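Please look through the sequence and the model shown below before reading on.

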Amino acid sequence: MKIKRIFDMFLVLVMFPIWVPLMIVLAILVKITSKGSVFFTQKRVGRNRKYFVLYKFRSMYTNTPQDVPTHLLKNPEMFITPFGRFIRKTSLDELPQLLNIIKGELSFVGPRPALWNQDDLINEREKYGANNIPVGLTGLAQIKGRDELSLERKAAYDGEYAKTRSLILDIKILFMTVLVVLRGRGIKEGIQ
């Protein structure tokens, strides 16, 4: 566990010269392209089912229903801002989660944190012991299909990661995440 935390902080520090200026530029672009705050915050479920506040760049209009996964909205594309489409497709909306990593609420790799009210996903993960490990910015489910996976399949991948996790596996998942993001695979929710 300590090695994972040291690895997370090492990556944050190494990436510091890139992510801080990029966050400033993205924050300005979010602000000037649509009304509302720069950041979007949401109550999520972390390790051992503890709640924390997850940070993202706001990619949707301010009238979007809160605490509803985007894929469950009737017409998600109508809620996503034009600049939001870009930052969601490139996963740049997730960049503020580096602050969650610094705070120790999130790791680079682990199951993606569920919304506080996603009982179906949380309960499914419980079957595999996946609620008892640190949640992550990316994970096995993200490189195996992301939004295209069923809830049961996501939970199974999270359980597989919980059983086999290691620093080597984390590095492999991080590398594969970059490839998945560059190829734009597995992203749904009205942004194609």
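How do the residues of the lining of the largest cavity divide into nonpolar, polar and charged?

## Basis of the report

This is a predicted model, in which local features need pLDDT of at least 70 and side-chain atom pairs count only at pLDDT 80 or more, while totals for chains, interfaces and linings use all residues. Residues are numbered from 1 along each chain as its sequence is written, and side-chain values use heavy atoms, with hydrogens and water left out.

## The largest cavity

The lining of the largest cavity divides into six nonpolar residues, two polar and one charged, where Ala, Val, Leu, Ile, Met, Phe, Trp, Tyr, Cys and Pro count as nonpolar, Asp, Glu, Lys and Arg as charged, and the others, Gly among them, as polar. The lining residues are Val-45, Gly-46, Ala-114, Ile-122, Arg-125, Ala-130, Asn-131, Ile-133 and Val-135.

On a 1 Å grid over the protein atoms alone, a cavity is a set of points where a 1.4 Å probe fits but cannot get out, a pocket is an open set with protein on both sides within 12 Å along at least five of seven lines, and lining residues have an atom within 4 Å of a point. The count comes to one cavity of 30 Å³ or more, and the largest cavity holds about 40 Å³ of space, a volume being the space filled by probe spheres set on the points, which are joined across faces, edges and corners.

## The second largest pocket

The second largest pocket has a volume of about 240 Å³. Its lining consists of 15 residues, of which Arg-47, Gly-104, Glu-105, Leu-106 and Pro-134 lie nearest its centre. These lining residues divide into six nonpolar, three polar and six charged, and α1 gives the most to the lining, with three residues.

## Helix α7

Helices (H or I, at least four residues) and strands (E, at least two) are DSSP runs, numbered from the N terminus. The 17 residues of helix α7 (residues 167-183) should span 24 Å at 1.5 Å a residue, and the end C-alpha atoms are 25 Å apart, which agrees; the expected span is 1.5 Å times one less than the number of residues.

The buried residues of α7 are Leu-169, Asp-170, Ile-173, Leu-174, Thr-177 and Val-180, where buried means under 20% relative accessible area, exposed over 50% and partly exposed in between (1.4 Å probe, protein chains only). They cover an arc of only 140° around the axis, which puts them on the same side of α7; the arc is that of the directions from the helix axis to the C-beta atoms. The face turned away from this buried side carries the exposed residues Ile-168, Lys-172, Phe-175, Leu-182 and Arg-183.

## Helix α2

In helix α2 (residues 82-89) the buried residues are Phe-83, Gly-84, Ile-87 and Arg-88. They cover an arc of only 135° around the axis, so they are on the same side of α2. These buried residues pack against α1 (2-33) and β2 (51-57), contact meaning heavy atoms within 4.5 Å.

## Positive phi angles

Asn-48 has a positive phi of about 55° although it is not a glycine, and its place is in the loop between β1 (39-45) and β2. At 43% relative accessibility, Asn-48 counts as partly exposed.

Ser-91, which lies in the loop between α2 and α3 (97-102), has a positive phi near 65° and is likewise a residue other than glycine. At 15% relative accessibility, Ser-91 counts as buried. Just after α7, Gly-184 takes a positive phi of about 70°.
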